Amino acid sequence: MGLFNRKSKVDAASVASKDSRTVANPQSPLPSKTMNGISAFPSISTANIALPPAPDPAREPAAYLRSIHAVRERSRLVHEKAKRNNLTHFDVDPTKFGETAAYIVSIIKRDFAPEYNTIPPHGRWQHFDVGGRHRIDQLLTSWPSKIDAQERTRRLLDLFLVSVLLDAGAGTRWSYKSKESGKTYRRSEGLAVASLEMFKAGYFSGDPTQPYQVNASGLNRLSVGQLAIGLQVSEANPLAGMEGRASLLANLGEALQNTEYFGSTFRPGNMLDYLLSHPSTQASSVPVIMIPTLWSVLIDGLAGIWPASRTQVDGVSLGDAWPCSSMPSAPRAQPWENIVPFHKLTQWLCYSLMGPMTRLLNVQFAGVHLLTGLPEYRNGGLLIDTGLITLKPADNKRGLDAYRNNALVKGQPCMEVVPLFSTDDDVVVEWRALTIGFLDDLHVEVNRLLKLDGPDKLSLAQMLEAGSWKGGRELAEVSRPNTKQPPIMILSDGTVF
């Protein structure tokens, strides 16, 4: 059996007994390796826990490609070609690797030296805290003390899941003016603040007496127009991929009716009960949930939200997984072997949802090392802006031509010209696979340069947060100050980036 019976109410006091904080006071002292209440997911106590193996690709290729194991394993094949400078679309300059790592280290040192243990793991929580205002802590404090730690966690899982699904690239023109502070925010932080204020206003709840939740009935009644109002979208303030985001939320409303994962009230937060009661969850001094278990909830429970047009194997839609010309193509290769899975939003959900469970219930996770660096345009843009990889001339010309044609469309960017490709273009797929491989290499080198080893090493999630993602954004701001866009522009539908 799992740690708790599925239908029984978890005793929040016992779950959080090792954490003397009271949830009514989110600013109370926290365990080590935290910042602003966000645990860095310590893995010392979970290192020896046996994890379930990956599905056998020879027997279950679709299940394998949808697993977290496949993301790093398949991307590694492209990365091996990069080491030989034998890629289809990019040239690699290995002399720039050290410079790229040194740049990441300089960003980390600037913001955190010498207290590297205070770096939070990459996650949505930090975006809510934009401007130094701890909005989630304030939200927790605003709820009456009778709301126990378990329900508080469910509510944050509700919020974080919807916020992550809305967190595809916002484009260069969209912004959000906070109704609470009057300040204007853009990109991921703008979408975070917008989704939080919509959550507090009950946009995602079907119960007008309880705004602080997300459920199927609330999402089913949310129209594209209402979502646009909540996000302050207009002709003068366009949001890239608006229809795709609305479709994701509508599909989420359907997916939440899976009672096994999301309970009889059809809320994302009810996955907490499923996870705590799962047979694989271990009762040590604190609950220990396996990453593959959380992954199965997200990849299986949310399978229906992704566009049906995505890559399929044996009739199964794979989600964020794409054919890549740099993958095996020998006569013996099976049809599935040319596919690289990324599952970026699912990984972003994993990183983000662990935060509330760790902080409020002191839940720990086994197998965090299975998660990869996120294959998106900030991490990937860093590799291009530092000169580590360069788009080959023919592809560069094709992308520039596409940008100029797109610029003729009303409302599309027309300055600081960069190559433009669609999400499924082979250039973008190869770029994303390279990003995963190089982030793993950079993680090792960054720890070496910082002289961190053993338990003091930065986790991959910490390097993403304090170094590569932040560094990629800052380089984009310097290199293209008017638009701050990445070095390759992606024509997105709002369901990947």
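Predicted model: local features only at pLDDT ≥ 70, side-chain atom pairs only at ≥ 80, totals over all residues.

Me: Then which residues of α14 are buried?

Reply: Helix α14 covers residues 291-301, and ten of its eleven residues are buried, so the helix is largely enclosed by the rest of the structure. The buried ones are Ile291, Pro292, Thr293, Leu294, Trp295, Ser296, Val297, Leu298, Ile299 and Gly301.

Me: Is serine 277 buried or exposed?

Reply: Serine 277 sits in helix α13. Its side chain reaches the backbone oxygen of tyrosine 274 at 3.3 Å. The relative accessible area of serine 277 is 7%, and the cut-off is under 20%, so serine 277 is buried.

Me: On to charges. How many salt bridges does a search of the whole structure find?

Reply: Side chains of opposite charge can pair when their charged atoms come close. Here, one of the pairs is aspartate 56 with arginine 59, at 4.0 Å from N to O. Searching the whole structure gives a total of 25 salt bridges.

Me: How far apart are the closest N and O atoms of arginine 155 and glutamate 151?

Reply: Both residues lie in helix α7 (residues 149-165), four residues apart, or about one turn of the helix. Arginine 155 is buried at 5% relative accessible area, and glutamate 151 counts as buried too, at 16%. They form a salt bridge in which the closest N and O atoms are apart by 3.2 Å.

Me: Which residues join glutamate 151 in one network of salt bridges?

Reply: Glutamate 151 also meets arginine 267 in a salt bridge, at 3.2 Å from N to O. That pair links distant parts of the chain, with glutamate 151 in helix α7 and arginine 267 in the loop between α12 (259-262) and α13 (271-277), 116 residues apart. Both glutamate 151 and arginine 267 are buried. Through salt bridges that share partners, the network joins Glu151 with Arg154, Arg155, Asp158, Arg267 and Asp273.

Me: Which residues lie nearest the centre of the largest cavity?

Reply: The elements giving two or more residues to its lining are α8 (187-200), α15 (344-361), α16 (377-385) and α19 (460-479). By class, the lining of the largest cavity divides into seven nonpolar, four polar and six charged residues. Of the 17 lining residues, those nearest the centre are Asp167, Ser188, Glu376, Tyr377 and Trp469.

Me: And which element gives the most to the lining of the second largest cavity?

Reply: The second largest cavity holds about 120 Å³ of space. It is lined by 15 residues, with Trp306, Leu318, Gly319, Asp320 and His343 the closest to its centre. The lining has six nonpolar, five polar and four charged residues. With three residues, the element that gives the most to this lining is α15.

How values were computed:
Residues numbered from 1 in each chain as written. Heavy atoms only, no water. Salt bridge = Lys/Arg side-chain N within 4 Å of Asp/Glu carboxyl O. Buried < 20%, exposed > 50% of the residue type's maximum accessible area, 1.4 Å probe, protein only. Polar contact = N/O pair within 3.5 Å; in protein donor to acceptor, adjacent residues only side chain to side chain. 1 Å grid on protein atoms, 1.4 Å probe; cavity = no way out; pocket = protein on both sides within 12 Å on 5 of 7 lines; lining within 4 Å. Nonpolar A, V, L, I, M, F, W, Y, C, P; charged D, E, K, R; others polar. Points joined across faces, edges and corners; volume = space filled by probe spheres on them.
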